[in-house]
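Here are my notes on the strands and how they pair up. Have the model open while you read.

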Amino acid sequence: MTSNPPELRPDLAPKLQIGDAPRAGQPTIGMVSLGCPKALVDSERILTRLRAEGYGISPDYTGADAVIVNTCGFLDSAKAESLEAIGEALKENGKVIVTGCLGAEPDYIREHHPRILAVTGPHQYEQVLDAVHAAVPPDPNPFVDLLPATGVQLTPRHFSYLKISEGCNHRCKFCIIPDMRGRLVSRPAHAVLREAEKLVAAGVRELLVISQDTSAYGMDRKHDLNPWKGAEVRSHITDLTRELGRLGSPQDLWVRLHYVYPYPFVRELIPLMADPDTAVLPYLDIPFQHSHPDMLKRMARPAAGAKTLDEIAAWRATCPDITLRSTFIVGYPGETEAEFQHLLDWMDEAQLDRVGCFKYENVAGARSNALPEHVAEELKQERWERFMQKAQAISEAKLQAKVGQVMQVIIDDIDEDGIATCRTKADAPEIDGNLFIDEGTEGLSVGDLVTVEVDEAGEYDLWGRTV
């Protein structure tokens with residue numbers, strides 16, 4: 001049994017894409033960015049500020065005067081990975097500044113790595129800059145160090161993450177994100193739209209909207225009005241999505257929504273996804289986590305399993321082509337065989353298109369650690385395998401039904417043999433499947449939106465030819 005490639009990890013972001021080489025004599029900084037796309041956006045903002053001050057960006061340890069490690073602290077396994085990355089940076093470079101979610105626990109980090117230069121918490125950009133200045137003084141050359149209009153991007157040029165808010169107001173018992181990143185703080189709508197407009201003007205073909213809780217966007221601002229193009233737009237996810245969908249035609253731009261909690265007003269988003277004249281994709285990434293009502297209560301989740309099936313039916317009635325992806329936790333403390341079977345039965349009825357699954361693990365500081373009746377590791381593994389077998393069968397059947405269909409795809413890569421790795425509208429980068437074009441790719445380029453006919457399907461991926 002294998003995981004969904006590439007493990008459908010929503011806590012992982014694409015690999016960093018470092019651009020131009022530093023100029024001679026330029027102070028340079030390396031960056032190791034771990035964790036989710038939200039952390040990747042933080043890394044982009046830090047490097048953009050440093051580039052504006054004249055620093056170069058090094059793609060390796062040896063070429064850097066210092067290294068920033070942007071850590072993840074979501075799970076204990078992620079903390080271990082972060083500590084390992086810090087140790088590697090210290091070994092290979094020696095000058096290391098730590099930031100990110102694990103940075104909220106400076107004593108824990110220094111206990112393992114006392115030689116680090118500084119520790120800052122998540123999205124503390126000014127403190128990171130101060131630490132870099134102390135370690136490597138800036139030496140800007142205003143005639144040479146030009147900053148691109150979009151800032152520094154660590155993703156491929158044709159797609160970009162667009163973070164609309166920070167923090168979360170939920171208190172799910174298994175999660176410590178509110179403790180690390182604080183309560184919900186939404187960006188003004190016009191600021192988000194201005195950034196998106198610049199990205200599109202610079203050639204970005206896909207905007208991936210991210211946050212801790214996308215549905216809650218603007219609640220902390222009381223959905224205030226913001227000036228935009230001679231009118232006003234609310235800081236509300238429906239209004240923001242509508243305006244993002246107007247930044248380009250669906251032939252030239254994709255807008256994809258991630259981390260959408262299934263609040264009732266999500267129904268207002270679905271007509272936008274069904275509109276053929278908008279760039280908003282018929283795609284929802286919704287973290288259901290489980291289906292059984294008692295499990296959801298023990299998790300302190302803001303949703304009920306029975307109602308989500310009604311919502312899914314309503315979404316599909318409005319937009320039959322909608323792609324639904326989600327993540328689930330198996331082996332949560334107290335999970336009974338009956339509750340797990342309820343989840344499998346729910347999956348049969350929900351027929352989600354893209355699914356990822358975590359085996360529960362304790363996280364330092366999480367309230368779920370103190371719950372009774374923890375599930376044995378062997379049973380967690382057995383349930384994970386049964387769950388993934390169910391998800392795989394659903395995925396395979398859904399993809400087989402796409403054989404013969406004509407659809408638009410975006411090209412992510414073309415290898416030396418001319419094989420193009422693409423994604424359909426149903427596939428987000430790194431976490432979903434791919435569509436491969438084996439021949440006839442002459443004249444195509446990374447970032448192109450092209451039309452293909454699907455001629456073969458696997459468990460998670462498709463194959464097709466251009467038409």
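Predicted model: local features only at pLDDT ≥ 70, side-chain atom pairs only at ≥ 80, totals over all residues.

1. I started with β17, residues 420-424, which is mostly covered: five of its five residues are buried. A420, C422 and T424 point one way from the strand, while T421 and R423 point the other way. Note that R423 is among the buried residues, too.

2. On one pairing, β17 runs antiparallel to β16 (residues 406-414), with five bridges joining them. If you want a spot to look at, V409 has T424 in β17 as its bridge partner. The two strands make a hairpin with five residues between them, and G418 in that turn has a positive phi of about 85°.

3. β17 also pairs with β18 (residues 435-437), again antiparallel, through three bridges.

4. Now the open sheet: six strands, paired in parallel, in the order β6-β9-β12-β13-β14-β15. From one strand to the next, the twist averages 20°.

5. Within that sheet, β13 (residues 280-285) and β14 (residues 323-330) pair in the parallel sense over three bridges. D285 has R325 in β14 as its bridge partner.

6. Last, have a look at helix α12, residues 377-400, which lies across β14 and β15. The helix runs at about 175° to β15.

Methods. Residues numbered from 1 in each chain as written. Heavy atoms only, no water. Buried < 20%, exposed > 50% of the residue type's maximum accessible area, 1.4 Å probe, protein only. Helix = DSSP H or I, 4+ residues; strand = E, 2+ residues; numbered from the N terminus. Pairing = 2+ DSSP bridges. Axes fitted to C-alpha atoms, helices over the stretch in contact; angles between N-to-C directions. Contact = heavy atoms within 4.5 Å.
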